[in-house]
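Work through the exercises below with the sequence and the model open beside you. Try each task before reading its solution.

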Amino acid sequence: MQHTTDFLVIGSGIAGLSFALKAAKLGNVTIITKKAEVDTATNLAQGGIAAVLSKEDSFELHIQDTLRSGAGLCHEDVVRKVVETGPARVQELIALGVQFKSQEQDPSHLDLGMEGGHSARRIAHAFDLTGREIEHALMHQVANNPAITVLENHLAIDLLIASKTGLQNNIPSPFTDRCLGAFVLNRLDGSIATYQARITVICTGGTGKVYLYTTNPDIATGDGIAMAYQAGAKVANLEFVQFHPTCLFHPQAKNFLISEALRGEGGRLIDERGNAFMKKYDPRGDLATRDAVARAIDTEMKTSGDDCVYLDISHKPASFIKNRFPNIYQTCLSYGIDITKVPIPVVPAAHYMCGGVLTDIMGRTSLENLFALGETACTGLHGGNRLASNSLLEAVVFAHQAFHQCQTDWSRLACQKIPSLKAWSPGVAKKIDEGVLITYNWDQVRRLMWNYVGIVRTEKRLALVQERLAGITREVDRHYRDYLLTPDLVELRNIAIVAELIVRCALTRKESRGLHFMADYPAADDEKFRKDTIICGKNS
Ligand SMILES: Cc1cc2nc3c(=O)[nH]c(=O)nc-3n(C[C@H](O)[C@H](O)[C@H](O)COP(=O)(O)OP(=O)(O)OC[C@H]3O[C@@H](n4cnc5c(N)ncnc54)[C@H](O)[C@@H]3O)c2cc1C
């Protein structure tokens, strides 16, 4: 089957939906999403979206906070663009129906939260369910837009690339190839169709599932990064994996995050004996940035041998806690932890990918007609470490940037002929009869990454894991050829590719900076490494 559309948007989180709503003003939009529309990291975001929204704050402060967090690798022009246009994008969300919490005394002003690394209150939130509020409002708008079609249970497998189809002509510099759309697997009937588009936009979210412990939803298998790399696009800074310091530690809890905002509102990290420990590691104490807090917890746990540390907010009035953190309060209570009375057991977990598919300030990748937005992109905003709540902001700002670029180019794009391409061929592949071949490798990749490429790294461990991953990728490549594709097999290939790329980037950076901590190179080396780690795509 062959389908054509003006815009093919891969992913239905904040990045994909925001872009789709804008692009629908230019042409028809097809959003494909690999599970249900709502299965996104966006839907889980608790804290909120950062922007300069009060008189007590300033662009300069937000810019400086972002640059400080990014450890010398942020692109200042990008930071300025995101911070300075951020308030307008937040107002757009409000106009689309997102209900951020207002101040009780003065409902005309937003109730702005405080988070680690920020020097002013600037987090617009909907209590601790901000992501859900944004996702629902955007989905509602999309559902009512006749120019947008949403296809759930549609998984993009590979990008369609001009050089692989014999159509590589007139590709303007600096692009290296042209994207023509994607091959898409329908999870419900197993069929694979060709979706051709004038513009393809990867909005596939993060890579948390590459690690054994993560706060991310199951969809976060780095598909966009793997597909773009396989197609020849540049990827960058994949060594910068943010570990959230405070994930609920409970045998029955799956990836439940305890928001940064808890520390922003006075929560303190303590050990099993009740001693507060953050001041030992960072003068900012409990309000230090995530990397500093995650490393401090890692050190405390390794030194004491304890399974977890604790986050205590029980000294605050119970009514305040229940009102400000209803979701965290209820979820913890469902596990028998009353956070108004006792500290919460927490551990760090893989949370956010700062690197991704390399883009310019308009969201363009190194392949013509291919954009990458949201967590899947490396735009230059986060540098070596993302400042809390800057990611939802980045997604909406870059959705706007990309739309603006498409609008500028639309008269040319709209009259480009969409070529007729060959259908997907399964070759000699047959149905997989041993699911264990996939589950075993899944588990191996995730454990290897957790144990060897976690919060603290060494060159020796990275080299070891690189060797082991090479064996796994060879095996996965064979499965990919031999068996008919299933969602599990596609995702296994993607986490294996992304794991290899993370290790390659980590081995290149022989220093410690931001989120990348190498025990054998504990200092930053500005002379050699104050630059992005860029890997050219496989096909280029
Ligand atoms: C628990 C948690 C709390 C967070 N809290 C905050 C916060 O308070 N503030 C903040 O700024 N950030 C927060 N973040 C980060 C932020 O939520 C994400 O970075 C952001 O939502 C990513 O949006 P996105 O649109 O790029 O991706 P997502 O929202 O993850 O959406 C990705 C989409 O791509 C689809 N997809 C993936 N692969 C394929 C494929 N191959 N084919 C088809 N579809 C595919 C998925 O199904 C999904 O629809 C949090 C993250 C987590 C996990």
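**Exercise 1. List the contacts of Thr214, then describe its setting.**

Step 1. Leave out residues up to four places away in sequence; Thr214 then touches Gly208, Lys209, Asn255, Ala349, Ala350 and Arg446. Contact means heavy atoms within 4.5 Å.

Step 2. Thr214 sits in the loop between strand S8 (192-202) and helix H5 (223-231). Helices (H or I, at least four residues) and strands (E, at least two) are DSSP runs, numbered from the N terminus.

Step 3. Look at the side chain. One of its polar atoms lies 2.8 Å from the backbone oxygen of Ala350. The backbone nitrogen of Asn216 is 2.9 Å from a polar atom of the Thr214 side chain.

Step 4. Check burial. Thr214 has a relative accessible area of 2%, so it is buried. Buried means under 20% relative accessible area, exposed over 50%, partly exposed in between (1.4 Å probe, protein chains only).

**A note on the model.** This is a predicted model: local features need pLDDT of at least 70, side-chain atom pairs count only at pLDDT 80 or more, and totals for chains, interfaces and linings use all residues. Residues are numbered from 1 along each chain as its sequence is written, and side-chain values use heavy atoms, with hydrogens and water left out.

**Exercise 2. Describe the shell around the ligand.**

Step 1. Count. The ligand is surrounded by 38 residues, and the closest are Thr42, Gly48, Asp223, Glu375 and Ser391.

Step 2. Sort by class. The shell has 19 polar, 14 nonpolar and 5 charged residues. Ala, Val, Leu, Ile, Met, Phe, Trp, Tyr, Cys and Pro count as nonpolar, Asp, Glu, Lys and Arg as charged, and the others, Gly among them, as polar.

Step 3. Find the elements. At least two shell residues come from each of helix H1 (14-23), strand S6 (154-161), strand S13 (344-353) and helix H11 (390-414).

Step 4. Find N and O pairs within 3.5 Å. A polar backbone atom of Gly48 is 2.7 Å from a ligand nitrogen. An N or O atom in the Glu375 side chain is 2.7 Å from a ligand oxygen. For Ser389, a backbone N or O atom lies 3.5 Å from an oxygen atom of the ligand.

Step 5. Check the cover. Alone, the ligand exposes 1000 Å², and the protein buries 98% of that. Accessible areas come from the Shrake-Rupley method with a 1.4 Å probe; for residues, only the protein chains shown count as cover.

**Exercise 3. Summarise the whole chain.**

Step 1. The chain has 15 helices and 20 strands.

Step 2. Of its 540 residues, 61% are buried.

Step 3. Take contacts between residues at least 6 apart in sequence: 75% join residues at least 24 apart.

Key. Near = heavy atom within 4 Å. Polar contact = N/O pair within 3.5 Å; in protein donor to acceptor, adjacent residues only side chain to side chain.
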